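Please find below a note for a colleague who is new to this structure. It is arranged as numbered points, to be read beside the sequence and the coordinates.

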Amino acid sequence: MTERYVVAIDQGTTSTRCIVFDRRGQLVSLAQQEHKQYYPKPGWVEHDAAEIWRNVERLGPEALRRAGATVDQVAAVGIANQRETTVLWDRVTGQPIGHAVVWQDTRTDTMVSELDTEPGADGVRHRSALPLATYFSGPRIRWMLDHHPGLQERAERGEVLFGTMETWLIWKLTGGLHVTDVTNASRTLLLDVHTLDWSPESLAFFGIPRAMLPDVRPSIGVFGTATAAFPGVRIGAALGDQQAALFGQTCFAPGEAKCTYGTGSFLLLNTGSELVRSTHGLLSTVAYQIKGEPAAYALEGSIAITGSLVQWFRDQLELITSAPEIETLARTVTDNGGCYIVPAFSGLYAPYWRSEARGVIVGLTSYITKGHLARAVLEASAWQTREVVDAMNADSGLALKTLRVDGGMTADNLLMQFIADVLDVPVVRPLAAETVSLGAAYGAGLAVGYWPDLEGLRQNWHRAAQWLPTMEATKRETEYANWQRAVSRTFDWIQA
């Protein structure tokens with residue numbers, strides 16, 4: 001009998017990957033390509049959506065070739081994507097209008113501050129369950145319409161389309177299907193998270209035409225059939241990357257949580273069919289929806305800068321030549337020497353939501369070496385995780401007992417140990433490290449019957465590594481207090 005597979009397209013912030021998975025959820029092959037990062041002004045971050053599509057066209061067949069498989073053996077394709085990154089394109093030509101504006105981009109900070117004082121702002125916050133912040137897609141759409149002459153009128157006529165990356169890729173894969181899923185739609189400020197459809201009131205608030213928006217679908221269910229890259233294969237799932245990681249970690253029950261350590265880091269706690277509104281600076285978001293079933297919701301703590309701080313240390317400061325070297329360098333010292341790095345490069349996300357904050361290095365003395373700086377870089381990811389976990393415990397009324405982790409940074413044992421120490425709970429990494437991709441694959445496979453149910457997916461989860469806390473409580477709290485003092489120094493750097 002010919003082996004069948006599921007393919008995940010993992011469209012991330014710095015690269016795109018196509019991964020082939022088998023029925024046991026094991027990685028069969030992987031093809032990956034980085035794409036260019038554009039920084040035209042301070043705080044601006046852009047991508048070329050056409051370049052990303054070209055990469056998908058090339059990577060899909062390459063991943064199958066490496067697996068020794070043909071497209072006829074692919075049961076379904078699932079997509080996971082960087083979420084709030086905003087693409088506009090011409091409906092007729094299919095060409096992007098300018099560059100995509102990336103989720104890290106802060107060009108809308110003045111606009112958001114002004115909108116936040118408008119009479120309809122509270123309604124937007126209530127319907128979307130999100131704060132008004134530069135993080136989300138809605139203000140980016142408004143900015144792009146404002147800065148391209150004639151674009152508003154074209155958008156009102158339906159000649160210009162909006163999508164996050166999964167919408168753009170499905171459009172290109174299918175030759176014109178304009179859809180999104182509930183998880184990505186819930187990151188725009190435009191969705192009513194109870195009706196799971198676009199809110200007319202929120203669209204009016206931002207002045208965004210309904211004609212340019214995709215149809216909202218469940219995350220898991222057949223969207224359409226590909227005509228390019230994987231011709232004849234059904235697209236069975238689309239999920240924002242962090243929701244895909246939650247699904248890939250098989251966190252299907254309320255109270256189960258994961259944290260993905262990538263460019264940024266994102267901690268999600270499944271709250272089941274109940275939308276829990278945060279009072280401690282977290283986001284309430286759609287976790288996933290299986291077609292024909294109610295949506296599952298999650299609390300999310302979004303940290304903008306973790307892995308990208310290591311990249312900055314490598315590329316901008318040139319203190320290391322590869323990302324893994326940071327652990328080796330950090331182990332040349334026993335502590336941070338009193339130095340703390342708060343990477344508020346794009347403002348502060350959860351639990352502060354301070355778009356005017358900017359990064360600081362504090363505690364510098366002549367004693368500090370590059371080893372201390374390397375350690376401070378890693379510790380920044382751990383302390384930011386602690387802030388989010390504290391907020392999550394307060395919102396949920398539960399105490400986190402174990403943290404499931406995934407993403408590229410989990411290969412850093414020093415960092416994982418430090419996270420266990422500052423959280424005072426075990427940190428567990430699964431055997432399948434590619435949980436974002438795996439979540440997209442799981443969703444696609446479920447949609448077409450490749451896997452029968454959620455319980456079957458749970459049986460694929462196996463532990464690969466575990467770190468137990470060893471830090472003394474007094475030291476933990478002293479260091480945490482120092483970190484919080486350092487964070488306070490980032491506030492109000494950008495003056496209105």
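This is a predicted model: local features need pLDDT of at least 70, side-chain atom pairs count only at pLDDT 80 or more; totals for chains, interfaces and linings use all residues.

1. Strands of a sheet pair through backbone hydrogen bonds, either parallel or antiparallel.

2. One point of reference for the reader is S15, whose bridge partner in β3 is E34.

3. On the α1 side the contact involves A49, A50, I52, W53 and V56, which meet M165, W168, L169, K172 and L173 of α6. By residue class, the contact of α1 with α6 comprises nine nonpolar residues, no polar residue and one charged residue.

4. A further open sheet has seven strands, in the order β17-β18-β16-β15-β21-β22-β23, again with mixed pairing. Its edge strands are β17 (283-288) and β23 (463-467), each of which pairs on one side only. From one strand to the next, the twist averages 30 degrees. Within the sheet, strand β16 (residues 265-272) and β18 run antiparallel and are joined by seven bridges; G272 has Y297 as its bridge partner in β18. Helix α13 (residues 413-423) packs on this sheet, where it touches β15 (257-261), β21 (403-406), β22 (427-430) and β23. The direction of α13 makes about 60 degrees with that of β23.

5. How do helices α12 (residues 370-396) and α16 (residues 473-488) cross, and at what angle? Their axes come within 11 Å and cross at roughly 95 degrees; an angle from 65 to 115 degrees counts as roughly perpendicular, and α12 and α16 are therefore described in that way. The contact is made by A380, W383, Q384, R386, E387 and D390 of α12, together with R476, E477, E479, Y480, W483 and V487 of α16. These residues divide into five nonpolar, one polar and six charged.

6. Side chains of opposite charge can pair when their charged atoms come close. The structure holds 28 salt bridges, including one between E300 and R83, whose closest N and O atoms are 2.6 Å apart. E300 belongs to strand β18 (residues 296-303) and R83 to the loop between β5 and β6 (87-90), so the pair ties together parts that are 217 residues apart in sequence.

7. Most residues other than glycine have a negative phi, and most peptide bonds are trans. Two places in the backbone deserve a check against this background. The peptide bond from A350 to P351 is cis, with omega near -5 degrees; P351 is found in the loop between β19 (340-342) and β20 (360-362). L196, a residue other than glycine, has a positive phi near 60 degrees, and its place is in the loop between β10 (191-192) and β11 (197-198).

Definitions and conventions: Residues are numbered from 1 along each chain as its sequence is written. Side-chain values use heavy atoms; hydrogens and water are left out. Two strands pair if DSSP finds at least two bridges between them. Helices (H or I, at least four residues) and strands (E, at least two) are DSSP runs, numbered from the N terminus. Contact means heavy atoms within 4.5 Å. Ala, Val, Leu, Ile, Met, Phe, Trp, Tyr, Cys and Pro count as nonpolar, Asp, Glu, Lys and Arg as charged, and the others, Gly among them, as polar. A salt bridge is a side-chain nitrogen of Lys or Arg within 4 Å of a carboxyl oxygen of Asp or Glu. Axes are lines fitted to C-alpha atoms, for helices over the stretch in contact, and angles run from 0 to 180 degrees between N-to-C directions. Angles under 35 degrees count as roughly parallel, over 145 as roughly antiparallel, 65 to 115 as roughly perpendicular and the rest as oblique.
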